[in-house]
Amino acid sequence: MSGATEPHGGNTAGDSERNTPIPSRAATPVTASGSRPSRTHRFLAKAEKKIDKFKLKLGLKEKGTESHGTSEASTTAPTGRTWAVVAGALKMTLSGAVLLIPDPFKGPAEALLKIIDVFEQTKSNNEEMEELKARCDLLNESMVNAIKGKDERLLSAELKESIGRLLKGIHDTFRATVVEYSTGISAYAMVEDNAEVVKDANQKMDRILQCFWIENLIAGALVLSDIHKTVKYQEGWMLKLCAATDNHFKSASLDKLKHVPGAAYDSQELAKVNPCFQGTRVKLLAGIGRWMSNTALEEQGSGKPIYVLDGIAGIGKSTVAKTVAQHAAAFNSLGATFFFSRDHADRQQAADFVHTIAYQLACCDASYGKAIATAIDGHPESLHKIMAQQFSVLVAKPLSDMLKQRATPLVFVFDALDECAQPDASDILSLIITSISKLPNVKVFLTTRPDLVLRIRYQSTALANCFHLQEIEAVIVDSDIRLYLNYYLSLSNIQKVFEGTEWGSWAPTKHQQEQLVRVSDKLFIFASTAVKLILSYQGRGPEKTLTSILNLEPKQGMVKLYQKVLEIAMPTDILRPSKDWDLWLGDFKTAIGTTIILQHPVSVKALERLLQLESPDLGPMLRNMHSVLAPFDDGPNPTYKIHHKSFPDFITNAAVCPEDFWIEESKYHLQLAKCCLKTMDQQLCLNICQVSVADQYKALADLPELNKERLTEELQYAVCNWAAHFAKSNPEVFDKKN
């Protein structure tokens, strides 16, 4: 994943727009376009009025107060006195839902209306019946939260199907609580005084409703604020979805875990990886949500605990992974994440994988933290064992019993396993299949390129669902890319980017946007890079840049686009060939070549000092590559990262990269290795932190604050990474020249 911004529906056209909230199609207000309200909307509005009448009649509402929707029904416990309100609201919402759900679900939904009539007439007030009424209230709230304020014409097909499955599941459950009589017209009667039947129905309703909420929270169709409103008077699993967990457990034992902070989905290293652009990847996320929620529907152990999302570079795997992690964390269902990256030494190996998982689990729940700390204290030697033993002692044994008690599944998200070096990647995959996925109530979401060695392993296990992202229907991906382009190439956004310039009033035509969708050929990284080029101040201006991109043929893909990036980066005031051109090209290749092979990003100034250049001025070179490089900040000394790993793949491949710009990796690894050794030779000295004689034999933890003034950024990088660069260079060349 390279710590890069993989822009599947989530990337931006520039830092200034990175956090702009984008309204999705599913969230468009019914009256936003001034159109006539849909039938479903009219049903819900009618339901509000009817509920208000019920409340006035029953003394639950004062005259003159306004209704805020049918969700008010839940503000009073559903006792016998308020059942009329609950049943009335539910029937009205069901009537509206029947109009929008797919045909296969309409029959059960209509039959459910008749069964609700039976419940409304029952006189029983026993505890199980009261619980059943409460769940009917929750059923109503769930549907209202899913469709309120939205135009049914803009609701996704996945959400409509989800509502249909919800109603069918509830109908099938309710059928067990009634006796059906057929005399030409179906009629139902309540099973009298059968508390066990009603109790079983309550449990099944809990599982069905839980699945609906988890599925749509992962898909983004419901949000955490909806839960807070709904659970105010609920108990059990719904409260656990949004309750603030105690995650403040601290222990010196946990400090012994050598975790990798940058591997977490919300780390600073992954700040440039954006979640899915709102309104995109709806079908994919809904499918992931259904897989995750299956724990609630399936019998224990019968669902597949692993979901593998594989696909080619640039198609958006990391963005989906970050979205799943964010959504799961929002309702207390994220266990741990590890985003692998070949550009970070600690994220391309298995050494600290289990330590990182254990540490993140300890931080997400205090009870988990206490159990893991106890395991470390009892078995300190386990910290240094092989991965399988580490996992067994630090995670599986201390947490298994607690995980069995979870009301909701716990998901682990592992991204870009293919960027972990072999054989470590295969070892981690084996651990996932044989150990992590066997934990109670645990799900594992994994993304990877379809590397042959890994693919054979995960496709051969019965524990995994495999989804090949490049096989998703073209019409769906094109629709997502179109939504992305419509925003970032809109006149309003272009005016923000080019305010005060001659391009401030320009915008591409609809035909040009459709051409760009076609040329993108299902690759979000193509669309994202193209937008960055178009909205860049470098080059010939947005209009000419767009025209040149549209002249590329589909299927030429990223190769031709990256060639266009290099073309735009070339100076226009230098003759080619010439001495000035050779000097510029040498500086350019030094800047780009060293940036793409760094073991972890360093600031521009530190990189200049490390390389010990005669005329250090890497900043302008790197700034001109805005479309493929991401600055961490806009200050005078930024740190640059590669947007996406497909660019290093391109520029280091002599078969596709123009000869002048080709980067020979081993050459630049050797150059960096030599620079690291020179830096260490120049800056390292005895007692560099100036520890006093009295303190020199103390344990590191007992030392007073160290003087780190001489521990420069370039020295720290050199000490930690010289060996890695030397190992990836050509030692024979090193011997001949030194």
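Helices (H or I, at least four residues) and strands (E, at least two) are taken here as DSSP runs, numbered from the N terminus. The model is a predicted one, so to speak of local features takes a pLDDT of at least 70 and side-chain atom pairs count only at pLDDT 80 or more, while totals for chains, interfaces and linings use all residues. Residue numbers start from 1 along each chain as its sequence is written, and side-chain values rest on heavy atoms, with hydrogens and water left out.

On that basis, the protein has 28 helices and 9 strands. Of its 738 residues, 53% are buried, where buried means under 20% relative accessible area, exposed means over 50% and partly exposed lies in between (1.4 Å probe, protein chains only).

Helix α12 (residues 366–378) packs against helix α13 (residues 387–404) at an angle of about 140 degrees, and their axes are 9 Å apart. Axes here are lines fitted to C-alpha atoms, for helices over the stretch in contact, and angles run from 0 to 180 degrees between N-to-C directions. That angle makes α12 oblique to α13, since angles under 35 degrees count as roughly parallel, over 145 as roughly antiparallel, 65 to 115 as roughly perpendicular and the rest as oblique. On the α12 side, S367, Y368, A371, I372, A375 and I376 do the touching; across from them in α13 sit V393, L394, P398, L399, M402 and L403. These residues split into 11 nonpolar, 1 polar and no charged, with Ala, Val, Leu, Ile, Met, Phe, Trp, Tyr, Cys and Pro as nonpolar, Asp, Glu, Lys and Arg as charged, and the others, Gly among them, as polar.

The peptide bond from Q422 to P423 is cis, with omega near 5 degrees, and P423 lies in the loop between β5 (410–415) and α14 (424–434). R281, a residue other than glycine, has a positive phi near 55 degrees; its loop runs between α8 (237–242) and α9 (282–297). At 2% relative accessibility, R281 counts as buried. Q690 is not a glycine either, yet its phi is positive at about 55 degrees. Q690 belongs to the loop between α26 (665–683) and α27 (713–727), and with 43% relative accessibility it counts as partly exposed.

Technical notes: Contact means heavy atoms within 4.5 Å.
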